Amino acid sequence: MFTYDGAEDPRGNRSSHARFTVAPPAGPGLRRTVGRAEFVPQITDLGPPYRVLDLREAVRRDPGRADYARALEHIRSVVLSRGAGAAGLTMAP
């Protein structure tokens with residue numbers, strides 16, 4: 001992502017997606033339950049090549065990329081803010 005004046009703005013290239021583990025109903029007529037709620041942080045690498053990366057894996061593969069480490073921490077803090085962490089949301093391992 002870029003600003004209107006053409007400068008790179010990394011905030012638009014950071015995101016996450018949700019992953020839920022859902023258990024079947026405990027019995028007839030009962031609802032399914034969420035056993036685990038996780039998020040997977042991702043970053044869009046403008047490349048070349050242009051690609052969407054699982055940020056956890058990118059940091060593990062290249063621990064020297066300080067920009068990836070900063071992005072991972074930023075995403076984690078934003079996603080877990082406003083009570084999400086206390087409610088049980090975790091970052092997928």
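Contact here means heavy atoms within 4.5 Å. The structure is a predicted model, in which local features need pLDDT of at least 70, side-chain atom pairs count only at pLDDT 80 or more, and totals for chains, interfaces and linings use all residues. Residues are numbered from 1 along each chain as its sequence is written, and side-chain values use heavy atoms, with hydrogens and water left out.

Helices (H or I, at least four residues) and strands (E, at least two) are DSSP runs, numbered from the N terminus. Thr44 belongs to strand β2. Apart from residues up to four places away in sequence, Thr44 touches Asn13, Tyr50, Arg51 and Val52. Thr44 has a relative accessible area of 16% and is therefore buried; the term buried stands for under 20% relative accessible area, exposed for over 50%, and partly exposed for what lies in between (1.4 Å probe, protein chains only).

Strand β1 covers residues 14-23 and includes Thr21. With a relative accessibility of 33%, Thr21 counts as partly exposed. Leaving out residues up to four places away in sequence, Thr21 is in contact with Thr33, Val34, Gly35 and Arg36. Thr21 and Ala7 are 14 residues apart in sequence, and their C-alpha atoms are 40 Å apart in space.

Ser15 is also found in strand β1. Its relative accessible area is 29%, so Ser15 is partly exposed. Ser15 touches Val40, Pro41, Gln42 and Ile75, again not counting residues up to four places away in sequence. Between Ser15 and Val40 there are 8.6 Å from C-alpha to C-alpha, although the two are 25 residues apart along the chain.

**A nonpolar patch**

Phe20, Val22 and Val34 make up a nonpolar patch on the surface, and together they have about 290 Å² of accessible area. Accessible areas come from the Shrake-Rupley method with a 1.4 Å probe; for residues, only the protein chains shown count as cover. Patches consist of residues with over 30% relative accessible area and no salt bridge; like charges are joined within 9 Å and nonpolar side chains (Val, Leu, Ile, Met, Phe, Trp, Tyr) within 5 Å.

**Helix α2**

Helix α2 has 14 residues, 66-79. From its first C-alpha to its last, α2 reaches 20 Å, close to the 20 Å expected at 1.5 Å a residue; the expected span is 1.5 Å times one less than the number of residues. Which residues of α2 are buried? They are Tyr68, Ala71, Leu72 and Ile75. Seen down the helix axis, these buried residues fall within an arc of 100 degrees, so they line one face of α2. The arc is that of the directions from the helix axis to the C-beta atoms. The cover over the buried residues of α2 includes β1, β2 (33-45), β3 (51-54), α1 (55-61) and β4 (90-91).

**Salt bridges**

Side chains of opposite charge can pair when their charged atoms come close. A salt bridge is counted when a side-chain nitrogen of Lys or Arg is within 4 Å of a carboxyl oxygen of Asp or Glu. By this rule there are seven salt bridges, and the table gives some of them.

| Salt bridge | N to O distance |
|---|---|
| Arg36 and Glu38 | 3.7 Å |
| Asp54 and Arg56 | 2.4 Å |
| Arg60 and Glu57 | 2.6 Å |

Arg36 is partly exposed at 45% relative accessibility, whereas Glu38 is buried at 5%. A network of salt bridges links Arg19, Arg36 and Glu38. Asp54 counts as partly exposed at 24% relative accessibility, while Arg56 is buried with a relative accessible area of 9%. Arg60 and Glu57 both lie in helix α1, three residues apart, about one turn of the helix. An α-helix has 3.6 residues a turn, so residues three or four places apart point the same way. Arg60 is partly exposed at 47% relative accessibility, and Glu57 is partly exposed at 32%.

**The loop between α2 and β4**

Arg82 lies in the loop between α2 and β4. Its relative accessible area of 85% makes Arg82 exposed. The phi of Arg82 is near 60 degrees, a positive value in a residue other than glycine. Most residues other than glycine have a negative phi.
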